[in-house]
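Work through these exercises with the sequence and the model side by side. Try each task before you read its solution.

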Amino acid sequence: MTRVAALQIEAEVGNIDANLAMCADLAGRAVREGASWVVLPEFFSTGVANRPDLAQNAPGPDGAPTRLLRELAREHGVHVGGSTLVRDSDGHVRNAFFLVGPDGEVLGRHDKDLPTMWENALYIGGGDPGRVETADVTVGLAMCWELLRTQTASRLAGRVDLILAGSGWWSIPPWPPRQLTRWLERRNNARAVEAASVLAAYCGAPTVHAAHAGPVQCPMPLAGVTYGGHYEGGASVTAADGTVLALRRREEGPGFAIADVRLGRTDPRPLPDRFWLQRRGVVPALAWAYQNPYGRREYRRSGGQRPLAPAPLDRVGAPA
């Protein structure tokens with residue numbers, strides 16, 4: 001058996017130094033409880049919101065967030081992974097998950113394939129398979145709404161021995177009519193918390209899912225209002241058959257879910273013949289429909305969210 005841990009943090013959006021310090025503290029505590037694999041959330045260095053500065057300030061792939069992963073892995077002699085916005089040498093920003101081995105070397109990288117909703121204004125998607133070979137096992141990588149899609153299960157099912165995942169899943173605020181939106185939010189929260197276990201069963205691999213909790217506020221695209229909600233939390237460790245072994249809910253705040261798992265692949269559940277593994281809900285589906293094209297236009301209009309200063313590149317190419 002192998003002890004694994006998924007961090008749950010309450011990020012201060014955009015405050016990289018504070019967020020890295022929180023991640024370092026929690027990772028150290030998880031290691032002291034015996035974890036040999038530690039997973040940080042999606043966007044662990046910044047949190048995520050509809051704020052262009054998150055992309056404008058994105059460091060290179062060897063920036064401070066990646067150096068933290070390497071330092072934690074080397075210091076503690078464990079595997080460490082997590083995703084952060086990076087600006088690559090072609091000028092584009094991507095949401096990159098790095099997996100680092102116990103010697104501090106980066107073993108592999110996965111770029112989230114489809115940005116979710118307003119995230120399209122911050123970065124472009126990738127096209128890699130999201131599988132990384134380590135000395136002992138093959139690891140699959142996935143982020144947030146990638147956990148909801150059949151194409152993610154297709155690239156990982158029966159091919160990996162462990163899935164490392166992270167999310168920054170936001171809530172549905174109590175907009176009027178409040179009774180309806182509160183009911184929709186309960187469904188949204190359940191979907192966020194269950195997404196990792198559903199994917200685990202469809203892939204036949206244990207899954208370690210790190211998450212954001214805490215409040216988040218930012219402009220709501222095209223609505224002229226301020227979004228004020230929270231991240232859904234739900235850091236978890238799940239066995240290959242989808243059984244949840246450890247779960248940390250949003251209300252529990254920063255910390256981690258930790259459990260012993262058996263690394264290795266089992267027979268996955270047959271995949272459905274549809275795009276989504278589970279229903280998204282009405283509000284997320286509407287947000288997906290209008291925020292995706294809005295975000296892509298914003299990214300093109302801003303020249304790939306050109307950095308504020310200093311500019312690392314002279315030119316940013318058109319998004320793919």
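**Exercise 1. Find which residues of β4 are buried on each side.**

Step 1. Take one side of β4: Val 93, Asn 95, Phe 97 and Leu 99 are buried there. Buried means under 20% relative accessible area, exposed over 50%, partly exposed in between (1.4 Å probe, protein chains only).
Step 2. Eight of its eight residues are buried.

A note on the source: this is a predicted model, in which local features need pLDDT of at least 70, side-chain atom pairs count only at pLDDT 80 or more, and totals for chains, interfaces and linings use all residues. Residues are numbered from 1 along each chain as its sequence is written, and side-chain values use heavy atoms, with hydrogens and water left out.

**Exercise 2. Identify the strands that pair with β4.**

Step 1. Recall the terms. Helices (H or I, at least four residues) and strands (E, at least two) are DSSP runs, numbered from the N terminus. Two strands pair if DSSP finds at least two bridges between them.
Step 2. Look at β3. It runs antiparallel to β4, joined by eight bridges. Val 80 has Val 100 of β4 as its bridge partner.
Step 3. Check the β3–β4 turn. The two strands form a hairpin with five residues between them, and Gly 91 in the turn has a positive phi of about 90°.
Step 4. Look at β5. Five bridges join β4 to β5, again antiparallel. Ala 96 stands opposite Asp 111 in β5.
Step 5. Check the β4–β5 turn. This hairpin also has five residues between its strands, and Gly 104 has a positive phi of about 90°.

**Exercise 3. Explain why the buried residues of α3 line one face.**

Step 1. List them: Pro 65, Thr 66, Leu 68, Leu 69, Leu 72 and Ala 73 are buried.
Step 2. View α3 down its axis. The buried residues fall within an arc of 155°, so they line one face of the helix. The arc is that of the directions from the helix axis to the C-beta atoms.
Step 3. Find the cover. It includes α1, β3, β4 and β5.
Step 4. Look just past the helix: Gly 77 takes a positive phi of about 65°.

**Exercise 4. Decide how far to trust the model.**

Step 1. Start with the chain: the average pLDDT is 94, and 96% of the residues score at least 70. pLDDT is the predictor's confidence in each residue, from 0 to 100.
Step 2. Find the exception: over residues 311-320 the pLDDT is below 50.
Step 3. Apply the rule: where pLDDT is low, the predicted coordinates should not be read in detail.

Notes:
Contact = heavy atoms within 4.5 Å.
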